[in-house]
Amino acid sequence: MITVNHYMLLSAILFTIGTFGVLTRKNAIVLFMCIEVMLNSVNLTFIALSRHVGNMDGQIFVFFVMTVAAAEAAVGLALMIAFYRNKDSIDVDDFNMLKW
Amino acid sequence: MEAILFYLTATVAIISALFVIKCRNPVNSALNLITTFLCLAVFYIMLEAPFMAAIQIMVYAGAIMVLIVFVIMLLNLGLAVKSRYSHGLAGGGFLAALTLLVTVYFIKFGEATGTGGEITSEVISSYGHTELIGRAMFVDFLLPFEIASILLLVAIIGAVILSKREV
């Protein structure tokens, strides 16, 4: 029998994998994809708990998370293109223009 | 049967998520990320949320991943040539392990309370999941929905202005 704890454990593992990727990778686009993994693991928690509790609010929240992720993808990728034009790289080690 | 499907899909999801952070080529990472999204859509169907599964495939695996793959293609990135710092790997691994430890602790020793809400399996099968979502969104959550549309408009304008050569 699959309970809500199984889903939460799975989403904890996925969130950890995403965290590890964000902390260790250097390519900004891969970093971005790791953030998407983290967002999706949280979405899984929301839907599993929404079914467990018997309430629709969690699934509406997932809808808004997806909206914000889409907006983030549009703006973030535009930023990366603008950065690549200036520096010819999207390595996060080169993101140091605000450092003195 | 449900347990077999769950463990099979969970294994695929975890392995493909590991490949997302392991692959040196960003295109391979993107393809593995699509596999993870499809596995999560299977979970949403198992959790009786078919509308969310459809949105997951259309918005995430469709729109967002096309955008990411398009940018990878546009920037013409090669393989990751610089090696990672070993102390960065150690620190990242330590913090990730800490995250896993804390979350597993909460899941193991916490209790998910508050069962017995009004949305049961019978309600979902009689009304349909899409109708329930639509009713919740356009009655209870109308203002956040409108704010989300403004957010999307701002994101469109921001993306256009950021990627212009001269404003």
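Among the contacts in chain B between residues at least 6 apart in sequence, 52% join residues at least 24 apart, two residues being in contact if their C-beta atoms, placed from the backbone, lie within 7 Å. The model is predicted: local features need pLDDT of at least 70 and side-chain atom pairs count only at pLDDT 80 or more, while totals for chains, interfaces and linings use all residues. Residues are numbered from 1 along each chain as its sequence is written, with chains lettered from A and ligands numbered from 1 in the order in which they are written.

Chain B has 7 helices and 0 strands, helices (H or I, at least four residues) and strands (E, at least two) being DSSP runs numbered from the N terminus. Its pattern along the sequence is accordingly α-α-α-α-α-α-α. Along the principal axes, the C-alpha atoms of chain B fill a box of roughly 55 × 45 × 30 Å. Buried residues account for 22% of the 167 residues in chain B, a residue being buried if 20 or more other C-beta atoms lie within 10 Å of its own.

Helix H6 of chain B (residues 129–140) is hardly covered, with 1 buried residue among its 12. From first C-alpha to last, H6(B) reaches 16 Å, close to the 16 Å expected at 1.5 Å a residue; the expected span is 1.5 Å times one less than the number of residues.

Turning to the interface, the contact takes 63 residues from chain A and 71 residues from chain B. On the side of chain A that touches chain B, the elements giving two or more residues are helices H1 (4–24), H2 (28–53) and H3 (57–87) of chain A. H3(A) provides the largest share of that side, 21 residues. By type, the residues of this side divide into 45 nonpolar, 13 polar and 5 charged, where Ala, Val, Leu, Ile, Met, Phe, Trp, Tyr, Cys and Pro count as nonpolar, Asp, Glu, Lys and Arg as charged, and the others, Gly among them, as polar.

Among the residues making the contact are A:Leu10, A:Ile13 and A:Phe20 of H1(A), and B:Phe6, B:Ile14 and B:Leu18 of H1(B). The residues of this helix pair's contact divide into 13 nonpolar, 2 polar and no charged.
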